[in-house]
Amino acid sequence: IMIAEKVTVDTVELLKECDAGVKTAIKSLDEVLDVVENKELKELLEKNKAEHEKTGLLIDSLLVKCNKEGKDPSPMAQVMAWTKINMKIMADKNDKTIADLITDGCGMGIKTLCKYKNEYEHADKEAVDIAEKLIKLEDDLVYKLRRYL
């Protein structure tokens with residue numbers, strides 16, 4: 001358990017970036033869940049969303065212990081993600097499109113989290129473990145989505 005006085009700036013920043021990533025993932029999954037037709041695909045995405053929510057609660061509790069606020073995704077990134085998702089679904093509303101969109105989103109999430117994990121190299125083990133857990137969560141989803149592409 002982290003003690004607020006001993007928390008490095010890198011730890012807080014990495015947790016904040018993980019928080020923004022979790023929020024982005026949940027929002028993106030929410031955008032597509034209503035239009036998914038395949039029952040197994042929908043269950044896969046719902047399960048992944050629940051894992052992101054659980055991890056988000058953990059991040060929130062760690063940030064509270066540090067007396068720090070979470071981080072929202074940038075408004076521009078949110079608008080761009082929303083636009084991409086909704087335009088592609090309007091153009092071609094099927095499960096392949098959804099699998100493709102979520103795969104792209106996971107790729108961006110993995111890239112971003114790896115970047116921040118490397119940038120905040122003095123973050124404590126707990127924060128690094130959370131980042132790695134999220135990277136694995138995204139990576140596993142990409143692997144499982146292959147059959148729907």
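Before starting, one term: a helix crossing is right-handed if the near helix is turned clockwise from the far one by less than a right angle, and left-handed if it is turned anticlockwise. Keep in mind, too, that this is a predicted model.

**Exercise 1. Work out how α3 and α4 are oriented to each other, and which residues make their contact.**

Step 1: Find the two helices. α3 covers residues 75-91 and α4 covers residues 95-119.

Step 2: Look at the geometry. Their axes lie 10 Å apart, and the packing angle is about 160°.

Step 3: Apply the cut-off. Angles over 145 degrees count as roughly antiparallel, so α3 and α4 are roughly antiparallel to each other.

Step 4: Check the handedness. The crossing of α3 past α4 is right-handed.

Step 5: List the contact. From α3 come Lys 84, Ile 85, Lys 88 and Ile 89, while α4 brings Thr 97, Ile 98, Asp 100, Leu 101 and Asp 104. Sorted by type, the residues of this contact are four nonpolar, one polar and four charged.

**Exercise 2. Decide whether Thr 97 is buried or exposed, and find what Thr 97 touches.**

Step 1: Thr 97 sits in helix α4.

Step 2: Compare with the cut-off. Buried means under 20% relative accessible area; Thr 97 has 9%, so Thr 97 is buried.

Step 3: Look for its partners. Leaving out residues up to four places away in sequence, Thr 97 touches Lys 88, Ile 89 and Asp 92.

**Exercise 3. Do the orientation analysis again for α1 and α3.**

Step 1: Take the numbers. The two axes come within 11 Å and cross at roughly 20°.

Step 2: Angles under 35 degrees count as roughly parallel, which makes α1 roughly parallel to α3.

Step 3: Check the handedness. α1 passes α3 in a right-handed crossing.

Step 4: Name the residues. On α1 they are Lys 27, Ser 28, Glu 31 and Val 32; on α3 they are Gln 78, Trp 82, Ile 85, Asn 86 and Ile 89. This contact divides into four nonpolar, three polar and two charged residues.

**Exercise 4. Compare the spans of α2 and α5 with what is expected, then see what covers their buried residues.**

Step 1: Start with α2 (39-65). Its 27 residues reach 39 Å from first C-alpha to last, close to the expected 39 Å.

Step 2: Look at its buried side. Among the buried residues of α2 are Leu 41, Asn 48, Lys 49, His 52 and Gly 56. Their cover includes α1, α4 and α5.

Step 3: Move on to α5 (residues 125-145). This helix has 21 residues and reaches 30 Å, close to the expected 30 Å.

Step 4: Look at the buried residues of α5, including Ala 127, Ile 130, Leu 134, Glu 138 and Leu 141. What covers the buried residues of α5 includes α1, α2 and α4.

Definitions and conventions: Residues numbered from 1 in each chain as written. Predicted model: local features only at pLDDT ≥ 70, side-chain atom pairs only at ≥ 80, totals over all residues. Heavy atoms only, no water. Axes fitted to C-alpha atoms, helices over the stretch in contact; angles between N-to-C directions. Helix = DSSP H or I, 4+ residues; strand = E, 2+ residues; numbered from the N terminus. Parallel < 35°, antiparallel > 145°, perpendicular 65-115°, else oblique. Contact = heavy atoms within 4.5 Å. Nonpolar A, V, L, I, M, F, W, Y, C, P; charged D, E, K, R; others polar. Expected span 1.5 Å × (residues − 1). Buried < 20%, exposed > 50% of the residue type's maximum accessible area, 1.4 Å probe, protein only.
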